[in-house]
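Biologist: I have a model open and would like to learn how to read its side-chain features. Please take me through them one at a time.

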Amino acid sequence: MKRYAILLASFAFLLGLSNLAYTEELDPTADDKIVTEHNLMPGEATADESEPASEDNITDDSDVTTPVVLSPQEKTAVSLYEGIMDIVNAKINASSCFIMRGKYQISLFATGADDQRKQNNMVSAKLPGNTTYLLAGANYENMPDASGVYVVSTRGPTSYEFTPIDIYRAIYTFDGAGETMSMTGNLELRDFISVTHRFSTLAITNFSNISSNEIQEEYVTNIGWGMSSLSYQKFPHSKYWERIKFQRHSNDQGRTILVRDLLTLPTSCRITIDTTGYNNTDFISQQGHITVESAIPGDPVDELNP
């Protein structure tokens, strides 16, 4: 028994030494320095790029920072468009795809900055009932290796303007490279007989970057594939297959396309946002339409073709 106690005491002593060594390894020394990351805009070069390359400057591929796929204004734009998509999904769930079918005007302006007037990160859509407005702002709290955008509903320019959207709140989170977007949100809306419906939404989308200079026309295309879902009173009601396409031309012209195909309910339904206009390093300003129609996921989407 005495030998067993001695063995236990020895094991506890060794375990304490190993934990102390691990803690000291994690503790930064006084000589450690925190280097602030420099966020590059498209086309901007770092100071090191102006110097000729040498063997000392060559690093392994593991040290190279992954290029950012989505710009700040594109992150804001896709968040605002996703919010409109969620509201259309909820309206379809509260009524039907047949009732919601049609083409509706949509307009967006986004800078991706959070220190400007609210109209600088805003989308408006003339949906049935009245125009719906959503605002966006940056949210960087507790996200050192990612970025976030919050989206909320708001009233229109006139205080008396009725909107059937009582509440829309969502947080969109992007990883450091801008390759993955995840979202969680809640919304409340009233149907045509003024009954309030409460929904929760989820989405995740992965993006990839494609560049081209065909026919001396340089452009960059970001393609996103993902899924989104809509729940009513905490029970899943519908799931959508999602595809996104951002295209930026060298002449600052751009086009943005979002497509959601209904996968769950017995009726088929497709929602498409297609807008054109400016997409440069400072802002996105685009106008277009939201189209709601009956289509199955396997039907071709002409807007997504090059």
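**Reading the side chains**

Biologist: How many aromatic pairs does a search of the whole structure find?

Modeller: The search gives four aromatic pairs. Rings of Phe, Tyr and Trp (its six-membered ring) pair if their centres lie within 6.5 Å; planes under 30 degrees apart are stacked, those over 60 are edge-to-face, and the rest are tilted. One of the pairs is Phe-199 with Tyr-232, tilted at 45° between the planes and 5.3 Å centre to centre. Phe-199 belongs to strand 7 (residues 196-212) and Tyr-232 to strand 8 (residues 219-232), so their pairing ties together parts 33 residues apart in sequence. The helices (H or I, at least four residues) and strands (E, at least two) are DSSP runs, numbered from the N terminus.

Biologist: What should I know about the model itself before we go on?

Modeller: It is a predicted model, with local features needing pLDDT of at least 70 and side-chain atom pairs pLDDT 80 or more, while totals for chains, interfaces and linings use all residues. Residues are numbered from 1 along each chain as its sequence is written, and side-chain values use heavy atoms, leaving out hydrogens and water.

Biologist: Which charged end sits over the ring of Trp-241?

Modeller: That is Arg-243, whose charged end is 3.6 Å from the ring centre. The test asks for NZ of Lys or CZ of Arg within 6 Å of the ring centre and within 35 degrees of the ring normal.

Biologist: How do I read salt bridges, and how many does the structure hold?

Modeller: Side chains of opposite charge can pair when their charged atoms come close. Here the cut-off is a side-chain nitrogen of Lys or Arg within 4 Å of a carboxyl oxygen of Asp or Glu. The structure holds eight salt bridges. In one of them, Glu-82 meets Arg-260 at 2.4 Å, N to O. This pair links distant parts of the chain, since Glu-82 is in helix 2 (residues 72-94) and Arg-260 is in strand 10 (residues 253-262), 178 residues apart. Both Glu-82 and Arg-260 are buried.

Biologist: Which residues have the most contacts inside the largest nonpolar core?

Modeller: They are Ile-84, Ile-92, Tyr-172 and Val-292, in a core of 48 residues. Helix 2 supplies the largest share of this core, 10 residues. Such a core is a set of buried Ala, Val, Leu, Ile, Met, Phe, Trp, Tyr and Cys residues joined through side-chain atoms within 4.5 Å. Setting aside neighbours within four places in sequence, Ile-92 is in contact (heavy atoms within 4.5 Å) with Cys-97, Met-100, Tyr-240, Cys-269, Ile-271 and Val-292.

Biologist: Where is Trp-225, and what is it in contact with?

Modeller: Trp-225 is in strand 8. Beyond neighbours within four places in sequence, its contacts are Ile-204, Thr-205, Asn-206, Trp-241, Glu-242 and Arg-243. Two of those names came up with the ring and its charge: Trp-241 and Arg-243. From C-alpha to C-alpha, Trp-225 and Val-259 are 9.7 Å apart in space and 34 residues apart in sequence.

Biologist: What about backbone angles: what is the phi of Gln-233 and of Lys-234?

Modeller: Gln-233 has a positive phi of about 50° although it is not a glycine, and Lys-234, also not a glycine, has a positive phi near 70°. Gln-233 is in the loop between strand 8 and strand 9, and Lys-234 lies in the loop between strand 8 and strand 9 too. Gln-233 is exposed at 55% relative accessibility, and Lys-234 is exposed at 80%.

Biologist: And how many helices and strands are there in the protein chain?

Modeller: The protein chain has three helices and 12 strands. Of its 306 residues, 40% are buried. Among contacts between residues at least 6 apart in sequence, 54% join residues at least 24 apart.

Technical notes: Buried means under 20% relative accessible area, exposed over 50%, partly exposed in between (1.4 Å probe, protein chains only).
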